[in-house]
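Please open the model in your viewer and keep the selection panel at hand.

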Amino acid sequence: MNVKEKSKDSNKKKGVTKTRVATKGRESVGPAKFSPSWVVANAKDAPGFKMELIGRIREGVKKTDWKQLIHFTGSTEKEFEHILPASISSMQKKTVYGKETSERIYELARLFGLGYEVFDSKEDFKKWLMTPSKTLGNKIPFELLDSSFGFEMVETEIVRIQYNVYS
């Protein structure tokens with residue numbers, strides 16, 4: 001039996017909420033509210049959502065949140081190497097990432113959240129990301145994610161799929 005309980009930790013920054021899920025004798029802690037992994041699971045635009053994300057980007061993504069996102073998406077750091085503005089080796093040395101890297105991590109989180117919402121499963125979305133798309137000039141969508149324009153094109157294509165609008 002799963003029991004969800006939200007609690008505010010007074011030692012954390014204001015507005016940070018962790019979800020605790022009790023499962024048969026053990027308790028696991030879910031992603032902190034507005035962390036990249038939380039964004040994947042809660043991709044809806046709520047009031048203040050984008051403003052909160054801007055603040056989180058300016059503060060920088062913590063290495064632990066990045067690792068949690070990698071685990072949540074069932075990916076490896078190596079898969080994102082060409083997308084991130086920092087090398088994997090330099091990211092491993094830091095505990096908090098800079099603004100540019102943090103922004104790219106949140107862009108990935110939002111895109112994966114949208115993809116998971118539109119496609120039937122994580123596997124179907126990842127398969128689509130790695131398959132050449134006619135509407136994207138026969139390019140593999142994942143390979144376009146190294147620029148903001150590429151992100152925009154891939155996101156637009158996912159929304160078109162969501163609403164069955166084909167070019």
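Begin by selecting Arg-110, a partly exposed residue with a relative accessible area of 32%. In this tour, buried means under 20% relative accessible area, exposed means over 50%, and partly exposed lies in between, with a 1.4 Å probe and protein chains only. The model is a predicted one, in which local features need pLDDT of at least 70 and side-chain atom pairs count only at pLDDT 80 or more, while totals for chains, interfaces and linings use all residues. Residues are numbered from 1 along each chain as its sequence is written, and side-chain values use heavy atoms, with hydrogens and water left out.

Glu-155 and Arg-110 form a salt bridge, with their closest N and O atoms 3.8 Å apart. This pair joins distant parts of the chain, since Glu-155 belongs to helix α7 and Arg-110 to helix α5, 45 residues apart. A salt bridge here is a side-chain nitrogen of Lys or Arg within 4 Å of a carboxyl oxygen of Asp or Glu. Glu-155 is partly exposed, with a relative accessible area of 30%.

Next, select Arg-104 and Glu-107. They form a salt bridge whose closest N and O atoms are 3.0 Å apart. Both lie in helix α5 (residues 99-118), three residues from each other, about one turn of the helix. Arg-104 counts as buried at 13% relative accessibility, whereas Glu-107 counts as partly exposed at 22%.

Now select Glu-81 together with Lys-78, a salt bridge with its closest N and O atoms 2.9 Å apart. Which of the classes, exposed or partly exposed, applies to Lys-78? Lys-78 counts as exposed, at 59% relative accessibility, and Glu-81 as partly exposed, at 33%. A search of the whole structure finds five salt bridges.

Select Trp-66, Leu-69, Ile-70, Thr-73, Phe-80, Leu-108, Ala-109 and Phe-112, which line the largest cavity. A cavity is a set of points, on a 1 Å grid over the protein atoms alone, where a 1.4 Å probe fits but cannot get out; lining residues have an atom within 4 Å of a point. The search of the whole structure finds one cavity of 30 Å³ or more, and the largest cavity holds about 40 Å³ of space; a volume is the space filled by probe spheres set on the points, which are joined across faces, edges and corners.

Helices α3 (63-73) and α5 each supply at least two lining residues, and α3 gives the most, with four. The lining has seven nonpolar, one polar and no charged residues. Ala, Val, Leu, Ile, Met, Phe, Trp, Tyr, Cys and Pro count as nonpolar, Asp, Glu, Lys and Arg as charged, and the others, Gly among them, as polar.

Select Tyr-163, in the segment after α7 (148-162). Tyr-163 is exposed, with a relative accessible area of 58%.

**Last stop: the whole chain**

From the N terminus on, the elements run β-β-β-α-α-α-α-α-α-α. Helices (H or I, at least four residues) and strands (E, at least two) are DSSP runs, numbered from the N terminus. Buried residues make up 38% of the 167 residues.

Note on methods: On a 1 Å grid over the protein atoms alone, a cavity is a set of points where a 1.4 Å probe fits but cannot get out, and a pocket is an open set with protein on both sides within 12 Å along at least five of seven lines; lining residues have an atom within 4 Å of a point.
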